[in-house]
Structures are given as structure tokens and as C-alpha cells.
Amino acid sequence: MSPHEAPTGHTSETPVQLPAAVLWDMDGTLVDTEPHWIAAETALLGRHGATWSHEQALQLVGSALPDSGRVLAEHVERTTGVRLDAVAVVDELIEAVIAQVSAAVVWRPGALELLRALGEAGVPCALVTMSYRSLAATVAAMLPGAFTVVVAGDEVERGKPAPDPYLRAAQLLGVDPADCVVVEDSPTGVASGEAAGAHVLACPHMVPIPAAPGRSRVEALTEVDVAALGRIAAGRPVDTLA
């Protein structure tokens, strides 16, 4: 049996075709780190006398970290007159989030089960995140063998919503993005996956994701299995949020 076929349990049935690979976002999709990022942003800005609302924080969900660092530095300077280095802002945020994740990690519902099932089916997975390698490696190390490759935000020239991160992951895996499924939780990440030419499964977390032709959406990853990802990869989207 091909590694890209899954048994149906009945030899008379046609085997289910599976994705060439599944490319996973990390923050908010695999791990519930978005509250950590928001808490780190709020604390950092507060130390410099600036306020930061939940609504403002949501606008950065899924963004490349250099972009977030610039937004935060500009916000502090505009509201308090204090000048911050955007790179230093990002470094401080990453350090804070790594500490929180290392202390207690919260996996998104259904994520670990789906990862395990994909591994058993022989479908390679990539972790594709706008977090930097230091944080991505921390999370990947908690799931030894789950990811064939890891693409981090400090390893691509253009971050999400550009297609570069997912194109890079597909290249490293030696697969066509059109044969892959991207799993994402943010509009920025969804845009990146679609721009790369992959089939996208959106599982919104902090920010709503609108319906679109060819886009799959579920409320939780507990709603999908390996066979469902195969159907998505074959161009048969599912949308339980419609």
C-alpha cells in the first residue's frame, strides 16, 4: 500500500487518498500560546507606561514577529514618547513566551490526536510558524518525531501572509504545495497557505475566519480525521461553520 493511502477496513473499497503532507501552524493551532503573547505584549508595554487593549492585540495574531515588534515600538513612542528597539521588543516577547510554554503547555483540542493519526498513516508533517526557532524548537521537542521539518519566522525572508513559509516547508519535504493541507487558526496564516497554493483547513481560535470558495473551516480539530484531510487535499472542502 502506498504511504499516501489509508486503509478503509474493507478490501473491496477504494483506499482513501491522503495529503502529500500536512503543514501545521503553531501558535493558536497546535498550542494555545496566543494568551501568552498577549500577556507578554501587555506587560512589556505597561512597563513603559503604555496601555494595550485586547482588541489591539488581536490585530497582531498570526503576524510576522518583526512586524509585531515594529507595531508595538511605534505604539509606545506614539503614546508615551519612549523609543524602543523593535528587535529588542521581539526578543523580550519570545523570552517571556518560552518561559510560559516551558512551565505549562496547553495543546489545542484534537491537535495531538490528529498529529498522532497522521504519523501512523505515514503522512509527513511540518511545523510552520512565525515564532522564531528558539520557541518553535521548544514546542517541537515536546513532540519528538511528529515533525519532519520546522520552518520558523526568523528563517524566511517574508513572513505570513506571504506564501514563503509554506513554500519553504513544501520544498524541504519535497512535495507540491497543491497536494498539501495547511492547518491554520488566523486570517493571516490562512492567506499565507492559500497564496502558497495549498488546501487550507481553518480552525479559528482568537480571530474569526470568513468563508471563502475552496476553504475548509471547522470549530475544532476534533471534527476532522486523516480521511477528512485526504478529502480536503483532493479538493473537497468541508465547512462546519457555514
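Just after helix α8 (residues 187-195), Gly197 takes a positive phi of about 90 degrees, in a predicted model whose local features need pLDDT of at least 70 and whose side-chain atom pairs count only at pLDDT 80 or more, while totals for chains, interfaces and linings use all residues. Residues are numbered from 1 along each chain as its sequence is written, and side-chain values use heavy atoms, with hydrogens and water left out. The secondary structure comes to nine helices and eight strands, where helices (H or I, at least four residues) and strands (E, at least two) are DSSP runs numbered from the N terminus. The radius of gyration, taken over C-alpha atoms with a globule rule of 2.2 Å times the number of residues to the power 0.38, is 18 Å, close to the 18 Å that the rule gives for 242 residues, so the chain is as compact as a globular protein of that length.

- The buried residues of α8 are Thr188, Gly189, Val190, Ser192 and Gly193, buried meaning under 20% relative accessible area, exposed over 50% and partly exposed in between (1.4 Å probe, protein chains only).
- These buried residues pack against α7 (164-173), β6 (180-184) and β7 (199-202), with contact meaning heavy atoms within 4.5 Å.
- A cis peptide bond with omega of about 15 degrees joins Lys160 and Pro161, and Pro161 lies in the loop between β5 (149-151) and α7.

**Nonpolar cores**
- A nonpolar core is a set of buried Ala, Val, Leu, Ile, Met, Phe, Trp, Tyr and Cys residues joined through side-chain atoms within 4.5 Å; of the 53 residues in the largest one, Trp24, Leu30, Leu118 and Phe147 touch the most other members.
- The largest share of this core, seven residues, comes from helix α4 (residues 86-103).
- In soluble globular proteins, nonpolar side chains tend to be buried together.

- Ala21 has its place in strand β3 (residues 21-24) and is buried, with a relative accessible area of 0%; leaving aside neighbours within four places in sequence, Ala21 is in contact with Val123, Pro124, Leu173, Val175, Asp179, Cys180 and Val181.
- Val90 lies in helix α4 and counts as buried at 3% relative accessibility, and beyond its neighbours within four places in sequence Val90 is in contact with Leu65, Pro66, Gly69 and Tyr132.
- Val224 lies in the loop between β8 (216-217) and α9 (226-233) and counts as buried at 10% relative accessibility; not counting residues up to four places away in sequence, Val224 touches Leu114, Leu201 and Val218.

**Whole-chain values**
- The C-alpha atoms fill a box of roughly 70 × 35 × 30 Å, taken along the principal axes.
- Of the 242 residues, 50% count as buried, and residues 24 or more positions apart account for 59% of the contacts with a separation of 6 or more.
- The accessible surface, from the Shrake-Rupley method with a 1.4 Å probe and, for residues, only the protein chains shown as cover, comes to about 10,700 Å², of which 53% belongs to carbon and sulfur atoms.
- The chain has 14 positive and 30 negative side chains, and the centres of the two sets lie 3 Å apart; Lys and Arg count as positive and Asp and Glu as negative, without His and the chain ends, and each charge is placed at NZ of Lys, CZ of Arg, CG of Asp or CD of Glu.
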